[in-house]
Amino acid sequence: MLVSSVGEDRAILLGFTMMAFSVLMFFVVGITVVKPYVNSNWEEASCVLMKTEILEEWVDCRGVSTVPCLRVKVNLTGPNQTAFIHFDEELVLFGLECFYIPKCRMDRTELQKEVEKVKNNLDAHMDSTSPCFTDRARHPGNAILHRKYTYKDSVLALLWPCLMLGGGGLLVGLVKLTQYLAHLSSEK
């Protein structure tokens with residue numbers, strides 16, 4: 001029986017470590033990216049922008065400050081129902097009726113200007129039809145403009161753990177193959 005070299009032992013250890021970390025990456029990616037995609041039932045729809053307004057009451061921003069809330073109302077053309085539109089799923093899950101909330105900063109005038117700029121941009125597209133997404137079962141009065149969790153993002157997020165698992169398995173397999181071939185050549 002041949003004794004394996006230090007390099008072979010390290011390569012096998014590296015391969016098994018890569019495989020172990022890829023399993024951890026599968027759990028992290030599965031919880032943060034794949035599960036929200038699988039649990040979301042947003043279907044494509046068509047929305048007509050009806051009304052934009054900046055609410056008088058500002059929204060709490062992580063307990064540090066308050067920020068203005070831009071609320072946008074749309075008409076869903078299929079079922080002919082009105083809904084509040086949000087930028088992505090996050091604001092719907094938080095239970096806010098806001099389309100846009102700026103990042104937390106202390107300068108109130110700058111925050112107000114930023115929200116007014118977004119409002120003016122949306123007002124330019126008033127009464128125009130645009131694609132949106134609805135989930136009539138779980139969120140009947142809401143629509144979103146962009147999906148944060150898509151099939152493409154889920155597959156790309158799973159690509160790296162798969163490559164790492166395959167690379168670790170290939171590394172262990174190649175080292176074991178060279179050890180086996182070395183053993184065969186030493187018997188002759």
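Helix axes here are lines fitted to C-alpha atoms over the stretch in contact, and angles run from 0 to 180 degrees between N-to-C directions. I took helices (H or I, at least four residues) and strands (E, at least two) as DSSP runs, numbered from the N terminus.

Ground rules first. This is a predicted model, where local features need pLDDT of at least 70, side-chain atom pairs count only at pLDDT 80 or more, and totals for chains, interfaces and linings use all residues. Residues are numbered from 1 along each chain as its sequence is written, and side-chain values use heavy atoms, with hydrogens and water left out.

**Helix pair.** I looked up H1 (residues 6–39) against H4 and got an angle of about 165°, with the axes 8 Å apart. That makes the two roughly antiparallel (angles under 35 degrees count as roughly parallel, over 145 as roughly antiparallel, 65 to 115 as roughly perpendicular, the rest as oblique).

**Salt bridges.** I counted a side-chain nitrogen of Lys or Arg within 4 Å of a carboxyl oxygen of Asp or Glu, and the whole structure gave three. In one, Glu-53 pairs with Arg-71, closest N and O atoms 2.7 Å apart. Glu-53 sits in strand S1 (residues 43–54) and Arg-71 in strand S4, so this pair ties together parts 18 residues apart in sequence.

I checked burial too: buried is under 20% relative accessible area, exposed over 50%, partly exposed in between (1.4 Å probe, protein chains only). Arg-71 is buried at 18%, while Glu-53 is partly exposed at 24%.

Another bridge joins Arg-138 and Asp-135 at 3.6 Å, N to O. Asp-135 is buried at 3%; Arg-138 is partly exposed at 48%.
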